[in-house]
Amino acid sequence: MVKALVLTAITGTQIGRRYTVSERVNTIGSGPQCNVTLNDRHLQPRHAEIRQMFDRWFIVPLAPGGISLNGAPVSGQSRLNPGDQLTLGGTTYRISYEELEERALGTAAETQTQSVPRLGEYFVRRGILTPEQVARVVQRQRDMQSSGVTLPFGQIAYEMGLINRAQLEQALNEQRNDFQAHFHD
């Protein structure tokens, strides 16, 4: 399962409207190229980014002004927690998280465009797992989730005998290195 951040409008003309973001980096603004396009005259075309770093989410301003978190102006990277109120332009959103099924692996080109790939993509890129094996692990993860057991992808792949401990540790280290190379505080 993949954790996604949900923005639910609690003020303004879009009360109740939900936006779900699950990529590692999501752009927000008034421009059509953004992951979340908001029709708000107070927002720049690329106004902010929402970044996922491990199991945490952060808002990062790309333009001055127009962003506050729990009533305080945001001028640098700020962590988003469930229950927080994020104001973008003229609308305030409540922050929540939800679990989504891990997306199927895309083409090699799609995989290369992401800043920090998901763990299954590391194994496929390294030739350790096939996309079919990744799908089997995701299915097992989904089955376990439905019975109330939540385990990380790597642990399930290890328990299924598809990877060994050294391969798992190497992939986790590479993901940490990618994370540190792409995201700075």
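**Before starting**

Residues are numbered from 1 along each chain as its sequence is written. Because the model is predicted, local features need pLDDT of at least 70 and side-chain atom pairs count only at pLDDT 80 or more, whereas totals for chains, interfaces and linings use all residues; side-chain values use heavy atoms, with hydrogens and water left out.

**The whole chain**

Display the entire chain. It contains five helices and eleven strands; these are DSSP runs numbered from the N terminus, helices being H or I with at least four residues and strands E with at least two. Of its 185 residues, 42% count as buried. Buried means under 20% relative accessible area, exposed over 50%, and partly exposed in between, with a 1.4 Å probe and protein chains only. The chain exposes about 9800 Å², of which carbon and sulfur atoms supply 47%; such areas come from the Shrake-Rupley method with a 1.4 Å probe, and for residues only the protein chains shown count as cover.

**The sheet around S5**

Next, select the open sheet of five strands, whose order is S4-S3-S5-S6-S9 and whose pairing is mixed. Strand S4 (36-37) and strand S9 (78-80) stand at the edges with a single partner strand each, so one side of each has no neighbour in the sheet. Two strands pair if DSSP finds at least two bridges between them.

Now select S5, residues 48-53. Six of its six residues are buried, so the strand is largely enclosed by the rest of the structure. In a regular strand the side chains alternate between the two faces of the sheet. Here Ala48, Ile50 and Gln52 point one way, while Glu49, Arg51 and Met53 point the other way.

Strand S3 (residues 25-29) pairs with S5 in the antiparallel sense over four bridges. Strand S6 (residues 56-61) also pairs with S5 in the antiparallel sense, over six bridges. Within S6, Trp57 is the bridge partner of Gln52, and Arg56 is that of Met53. Two residues lie between the strands in the hairpin of S5 and S6, where Phe54 takes a positive phi near 60°.

**Helix H3**

Move to helix H3, residues 131-146. At 1.5 Å a residue, its 16 residues should span 22 Å, and the end C-alpha atoms are 23 Å apart, which agrees. The expected span is 1.5 Å times one less than the number of residues.

Which residues of H3 are buried? They are Val134, Val137, Val138, Gln141 and Met144. The face turned away from the buried side carries the exposed residues Glu132 and Ser146. H3 is followed by Gly148, which has a positive phi near 90°.

**An aromatic pair**

Finally, select Tyr19 and Tyr93. They form an edge-to-face aromatic pair, 6.2 Å centre to centre with 75° between the planes. Rings of Phe, Tyr and Trp (its six-membered ring) pair if their centres lie within 6.5 Å; planes under 30 degrees apart count as stacked, over 60 as edge-to-face and the rest as tilted. The pair links distant parts of the chain, since Tyr19 is in strand S2 (residues 18-21) and Tyr93 in strand S11 (residues 91-100), 74 residues apart. Both Tyr19 and Tyr93 are buried.
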